[in-house]
Structures are given as C-alpha cells and as structure tokens.
Amino acid sequence: MIHRRLARSATRLAVIALLATGCTVHVNRGHAAPTPEDLKAADRAFAADVAREGTAAWLRWFDPHGVQLVPGAVVRGDSARRALMSGLLDDPHLKLVWEPDTAVIAASGDIGYTIGRSQVRQTNADGSVTVRSTGRYLTIWRRQPDGSWKVELDTGNTDPKPKP
C-alpha cells in the first residue's frame, strides 16, 4: 500500500516536472500542432511495433536519455532496458499488449503523456491464451524535431490479483 502511494507520488511529480519543463521548450516548427489523438496513435504504433519486433522495437521508441521507472529502480540506457524487457518481449509464448485511453499534450506541443491499460498474455501449448496480469501504465512522450514522438519515461503497475 505504501509502495503504491510512493509510486503514484513519484509518477505525479515526474509528470509535473516534465510538463513544466516542456512548456518552456520551443514548439517544433514546420509541423502541425499535435492532438491527443496523434499521441494515442503514436502509442498504438509503439504497441504494434513491439508486438511484431519485441525488444528491438521497444528500444527504438525510447529517447536515448529516456527512463523506465520500476519498483526499486530507475532504468536508463538501451542495455539496461534490454536486460529488463527482453525476457518478456522476446519470449514467443508471452505478449505485452497495451491500449491508451487518455492522452494529454502540453500547450507547447512538444511533450505529453498517455495513460492506459496493459496485459501480459501467455499462449499455452494447446493454443489457448491466458492473461497472466493486467495493469495500468503512464508513458511520457517528447515530440522530436521531425514531428515524431519518443518515450521519455515509462512506468506502470500491476493490478492486484483477485482473491480466490
């Protein structure tokens, strides 16, 4: 319980800090102002790429300075992200899927965040699929000079297991 409260507080502070700094950065010139739907589309493209290509796609979508917040750690850099995610993303029997339900973009147009639901699905030997876990995620994005989006920060939590 305390861990969840700390994680939520840390996430809120990260969002506030990034949005505050994002508001002082110039708007990407030469590109139409992005909409929340554009950011949701980027998040969906991220999910589709990861479903096809696994860890390689996960790494490609991150800004080189981007981080993942996980319980007890801040994960920085491709090698650390690869070590964290490859067991899940490159296992042919497991699939991480997600869908954004909220997207917000700062007035500056160069930073925003998505919030959504996630699942880890396992394909069993008989071809059936079991949902191993569900959860919520928060991804903070930075718009690149070419108008694309890269992940600055990604974090999530797992829903509690239902009581038997």
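The accessible surface of the protein (Shrake-Rupley method, 1.4 Å probe) comes to about 9300 Å², and 59% of this belongs to carbon and sulfur atoms. This is a predicted model, in which local features need pLDDT of at least 70, side-chain atom pairs count only at pLDDT 80 or more, and totals for chains, interfaces and linings use all residues. Residues are numbered from 1 along each chain as its sequence is written.

Of the 164 residues, 39% are buried, meaning under 20% relative accessible area with a 1.4 Å probe, protein chains only. The protein has four helices and six strands, taken as DSSP runs (H or I, at least four residues; E, at least two) and numbered from the N terminus.

The six strands form an open sheet with mixed pairing, in the order β2-β1-β6-β5-β4-β3; two strands pair if DSSP finds at least two bridges between them. β2 (73-76) and β3 (94-105) are the edge strands, each pairing on one side only. Within the sheet, β4 (residues 111-123) and β5 (residues 129-143) pair in the antiparallel sense over 13 bridges. Gly112 has Trp141 in β5 as its bridge partner.

Helix α2 packs on this sheet and touches β1 (62-70), β3, β4, β5 and β6 (149-158), a contact being heavy atoms within 4.5 Å. Helix α4 (residues 78-89) also packs on the sheet, touching β1, β2, β3 and β4.

α2 itself covers residues 36-53. Its buried residues include Leu39, Phe46 and Val50, but also Lys40, Asp43 and Asp49. Gly54, with a positive phi near 65 degrees, follows α2.

Technical notes: Side-chain values use heavy atoms; hydrogens and water are left out. The expected span of a helix is 1.5 Å times one less than its number of residues. Buried means under 20% relative accessible area, exposed over 50%, partly exposed in between (1.4 Å probe, protein chains only). Axes are lines fitted to C-alpha atoms, for helices over the stretch in contact, and angles run from 0 to 180 degrees between N-to-C directions.
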